[in-house]
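Colleague: Please put the model up. I would like to go through its charged pairs.

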Amino acid sequence: MTRRFPAGAWLAAAVAPAAGLAHALSIAAPWNGQPQWWLQLAALAVLVRLVDGAPGVRAAALRGFLFACAWLAGVVWWLFISMHVYGGLPAALALLAVAVLAALLALYYAAAAAVVRACDPRHTLGRALLWAAAWTLAELGRGLWFTGFPWGAAGYAHVDGPLAAFAPWVGVYGIGALAAFAAALAASCTAAVPARGGARAAGALLAVAALSALLHWRAPARDAIAEPLRVSLLQGNIPQDVKFEPGEGIELSLRWYGQQLQQAATPLVVAPETALPLLPEQLPIGYWQALQARFAAGGQAALVGMPLGDMTHGYINAAVGLVPGRVAYYEYAKHHLVPFGEFVPPLFRWFTEMMDIPLGDFRRGGVGQASLALGAQRLAPNICYEDLFGEELAARFVDPARAPTVFVNMSNIAWFGDSIAIDQHLAISRMRALEFRRPMLRATNTGATAIIDAQGRVTHALPRLTRGVLTGEVQGHTGITPYAWWAGRLGLAPLWGPALAVVALAWRRRRRP
């Protein structure tokens with residue numbers, strides 16, 4: 001006898017990925033590039049209803065998996081551009097690679113959905129707490145294990161929402177936990193639950209909103225450094241397909257960035273990641289020496305992205321600081337390297353050899369490297385997607401006397417074309433500004449080159465895919481937020497611990513068939 005698939009299961013199999021795609025759009029909407037916090041809550045509430053209504057643990061896991069697959073593929077689809085357009089990988093294989101990555105990462109969320117359905121708490125608040133805990137564990141696992149890839153974490157949808165007030169207290173993962181808690185309560189309010197349970201859920205949602213207002217972090221006025229810093233941020237818009245090619249691409253980079261560095265009139269000028277795509281000794285004769293002499297003799301400083309190193313000691317993806325009064329330069333070595341781009345994971349050499357991409361086996365820099373001192377400011381560079389890992393940036397805040405006053409992100413997102421990746425990365429930088437109450441300067445090759453203030457607001461920005469110089473002022477800040485304090489000392493353990501405890505308690509009290 002043939003077993004028929006229930007009509008409700010077919011509907012759930014269609015609704016789950018649709019909700020997942022909506023969740024992807026919430027991180028940065030294609031119609032305006034902005035996060036949509038309400039859409040994130042609505043999409044996750046749909047998943048809660050689907051999992052709670054699943055006939056068993058396997059069905060719940062499948063629904064969680066389908067939701068997460070669609071969400072994650074919808075968030076990182078632009079990896080296809082780097083692999084196919086610039087890497088020469090056949091389109092079918094590039095699509096398959098994105099799908100496999102999304103499916104592997106979706107397993108975390110399938111496990112979270114399975115745990116919630118297996119424990120099946122009776123009480124509305126208990127179920128919401130379990131959802132928050134299981135969701136947080138899935139997000140933490142994705143963000144930390146196997147080098148970590150937390151791009152598009154749910155909390156980034158809330159950069160402009162009510163939950164943004166929690167950023168300096170609990171960080172992006174804590175916001176994600178609160179969002180999961182709120183979504184589970186909202187799902188309970190719309191479900192066929194007893195009136196008392198719905199009232200409790202509604203009351204808890206109001207309590208979360210009230211707490212958000214009460215916890216709004218206001219840095220003391222004394223934390224703002226009195227004199228703003230004028231900066232010039234360079235956006236070369238060098239086409240990615242020629243950027244590392246001898247001749248047109250390299251010559252264009254050296255000529256344009258060299259001119260802007262020599263002509264800059266502000267106290268600080270910043271050029272993006274690999275703006276100078278050659279080692280110092282590979283540059284034309286006198287080029288590097290002229291830049292060093294220009295900044296050593298004046299009253300200005302520069303941060304320039306370029307590779308450093310040699311065959312003996314290895315190579316680094318670096319931010320080089322040229323400062324007044326010194327020919328010797330400041331050096332920041334990128335710590336969190338990109339798999340398949342800056343190092344090849346074990347057993348995957350065969351995959352990278354299928355692509356025509358200039359790969360590097362870079363040496364990893366340390367966590368908590370010193371900032372670049374410039375007057376009263378301490379400038380803390382981070383390169384490319386390093387600003388995705390707030391817990392690593394927090395290591396620089398353990399000693400308040402050495403803590404950064406300004407973050408500087410130097411990126412090249414040209415690998416992903418004119419895609420939503422530019423908007424997503426801007427939201428990530430804004431979240432870091434909120435967590436640490438520090439401004440973020442962003443100098444990029446193609447966008448988003450921007451100045452973000454300590455409240456996470458974009459105050460100046462260049463249009464994407466244009467060549468230009470963004471000039472503006474940034475006001476550095478001192479002081480340590482609660483998140484910076486505990487994340488710098490304990491990492492993400494304060495989130496792991498409570499989440500594991502809630503899941504363990506729910507598992508012990510689970511309803512058995």
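Modeller: Asp52, Arg117, Asp120 and Arg127 are joined in a network of salt bridges (side-chain nitrogen of Lys or Arg within 4 Å of a carboxyl oxygen of Asp or Glu). This is a predicted model: local features need pLDDT of at least 70, side-chain atom pairs count only at pLDDT 80 or more, and totals for chains, interfaces and linings use all residues. Residues are numbered from 1 along each chain as its sequence is written, and side-chain values use heavy atoms, with hydrogens and water left out.

Colleague: How many salt bridges does the structure hold?

Modeller: Side chains of opposite charge can pair when their charged atoms come close. For this structure, the count of salt bridges is ten.

Colleague: Which helix holds arginine 127, the partner of aspartate 52?

Modeller: The side chains of aspartate 52 and arginine 127 form a salt bridge, N to O at 3.0 Å. The pair links distant parts of the chain, 75 residues apart. Helices here are DSSP runs (H or I, at least four residues; strands are E, at least two), numbered from the N terminus. Aspartate 52 lies in helix 2 (residues 37–52), and arginine 127 in helix 6 (residues 124–144).

Colleague: Is arginine 127 buried or exposed?

Modeller: Buried means under 20% relative accessible area, exposed over 50%, partly exposed in between (1.4 Å probe, protein chains only). Aspartate 52, at 27%, is partly exposed. Arginine 127 has 14%, so the label is buried.

Colleague: Aspartate 453 and arginine 457 also meet in a salt bridge. What is the relative accessibility of aspartate 453?

Modeller: Their N to O distance is 2.8 Å. Arginine 457 is partly exposed, at 48%. Aspartate 453 counts as buried, at 15%.
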